[in-house]
Amino acid sequence: MNQDLLPETLSELYANMTAAFSSQIEGLVELIVTPGWRQYQLIIILFLWAISFLLKLLTQGRWETWARARVGWPKWRLRILIQLMRRLTLVYFVLLSGGLYLVMQQVTWPSRSYILGVFATLAVAWLAIALVSRLVRNRTLRQIFKWSMWVYATLIALNLTDDVAGFLDGVAISIGDLHISALGIIKAVLLIGVLLTLARVGTRAAERGLTNNQDITPSMQVLLAKGIQVLLYGAVFMAAIRTLGFDLTGIALLSGAIGVGIGFGLQKVVSNLISGIIILMDRSIKPGDVISLGDTFGWINALGARYVSVVTRDGREYLIPNEDLITNQVVNWSHSDRFVRLDLDFGTSYDDDPHKVRATAIRAVKTVGRVLSGGKHEPVCHITGFGDSSVDYVLRFWISDPNKGLTNIRGNVFLALWDAFKVEDISLPFPQREIRVLGGLEADAEVQHLAKE
């Protein structure tokens, strides 16, 4: 960069901008004070704005009543309606000024409606920018986008874009082949903002479309959504670099070295990312599955790039790293289907008929709501052994909704067994021990025997 030319260039640009601005101010003052159609147009514009404000006061209540009756409308249409109702004065001014401008263009000289056309154009631009800016969710970015577009629309309407663009393009830094100007930075920022908004809207639209597609499994839906998100945001990043004027081939070596350093420093993060991709591709775990990992039992709420969200029955949400699901043993209660068999162990007295006990237990378990019956899911009861105090049984039954809990269904079945056994007079024994107290000669002999030992 030639340092000798920089002050002269900046001074010249500043002088040119000052002269242009001064001429615009002089023209505006002359426009106001000089009698004729220029003043008439300004009076017409003020009159139209006053009428628009009056129409807002007269019709705002009716518009609100009509809007409340739009119950079946989609949310996006209702949001647009609310934004328009908040700007009723501007909407009426756009309609009145635009209509009057078109009429004056046909019935009189174009110069007599030029200023009216400028204000009508500005009003349309401001209204459109106010509606489009609602797509930007971040409040700070929304304000930056809104004011930037308003300034740009005003410059276009006043025919000052070339002068301002020339000034901003002259405020630049040149390093070799790299040329970065204020105009280029502003364009890059605006372009990145627009592309980020489009990427966010496109990602959400793709997610909704994939979610509604029943032919794609939940895990593949998440994988495709993440792939589309990475692709869109990666394209925004590449476009930002190219817009600023950086040569991608020149930074390839540097980015490779940085990537190697990040890979060594973030091994766990990279491992979790790769593990997440593997989980999504092999479809071993998907949203809605009921899993057990160590002491954690719950259903999968969401699959993330770094972790899996598991919600338990007590309302806690565990964020389990993807690497743990790959390296540790995981029980997926609903991997191939949602049918789960549960076993309950119990015992009855030796005085009770085992055939009667088995039949009673099967009848009792069938009365519980969530227990399945029929076909291969029919409950069964078997004798497993003769214990010290009872005859031992196992009761096996099936459920199809493990996400609703296992402990609660076990408790309900135990209660059903308790009630059924009470009706059938079947006793549930408890451990018993006999204590024999020795007395007289037998006790003395036993004590002597123990003493000798």
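Modeller: Start with confidence. pLDDT is the predictor's confidence in each residue, on a scale from 0 to 100. This is a predicted model, and side-chain atom pairs count only at pLDDT 80 or more. The chain averages a pLDDT of 76. Of the residues, 76% score at least 70. Residues 1–8 stay under 50. For that stretch the model has three contacts beyond four places in sequence.

Now the salt bridges. Side chains of opposite charge can pair when their charged atoms come close. A search of the whole structure turns up six salt bridges. Asp343 pairs with Arg341, with 3.6 Å between the closest N and O atoms. Asp343 also pairs with Arg396, again with the closest N and O atoms 3.6 Å apart. Put together, Arg341, Asp343 and Arg396 are linked in a network of salt bridges.

How covered are these side chains? Buried would require under 20% relative accessible area, and exposed over 50%. Asp343 has 31%, so Asp343 is partly exposed. Arg341 is partly exposed because its relative accessibility is 40%. Arg396 has 28%, so Arg396 is partly exposed too.

Another pair is Lys366 with Glu378, where the closest N and O atoms are 2.5 Å apart. Lys366 lies in helix α13 (residues 354–366), and Glu378 in the loop between α13 and β9 (380–386), so the bridge ties together parts 12 residues apart in sequence. Lys366 is partly exposed at 41% relative accessibility. Glu378 is partly exposed at 28%.

For contrast, turn to a nonpolar part of the surface. Val269, Val270, Leu273, Ile274, Ile277, Ile278, Met281 and Ile326 form a nonpolar patch there. Together they have about 640 Å² of accessible area. Helix α11 (residues 267–282) gives the most, with seven residues. Ile326 lies in helix α12 (residues 322–327). Its relative accessibility is 39%, so Ile326 counts as partly exposed. An α-helix has 3.6 residues a turn, so residues three or four places apart point the same way.

Two further helices give a check on geometry. Helix α3 (residues 75–86) has 12 residues. From first C-alpha to last it reaches 17 Å, close to the 16 Å expected at 1.5 Å a residue. Leu81, Gln83 and Met85 are buried in α3. Helix α6 (residues 139–157) has 19 residues. Its reach is 27 Å, close to the 27 Å expected. Buried in α6 are Arg142, Phe145, Lys146, Ala153, Leu155 and Ala157. Just after α6, Asn159 takes a positive phi of about 60°.

Notes:
Residues are numbered from 1 along each chain as its sequence is written. Side-chain values use heavy atoms; hydrogens and water are left out. Patches are made of residues with over 30% relative accessible area and no salt bridge: like charges are joined within 9 Å, nonpolar side chains (Val, Leu, Ile, Met, Phe, Trp, Tyr) within 5 Å. Accessible areas come from the Shrake-Rupley method with a 1.4 Å probe; for residues, only the protein chains shown count as cover. A salt bridge is a side-chain nitrogen of Lys or Arg within 4 Å of a carboxyl oxygen of Asp or Glu. Helices (H or I, at least four residues) and strands (E, at least two) are DSSP runs, numbered from the N terminus. Buried means under 20% relative accessible area, exposed over 50%, partly exposed in between (1.4 Å probe, protein chains only). The expected span of a helix is 1.5 Å times one less than its number of residues. Contact means heavy atoms within 4.5 Å.
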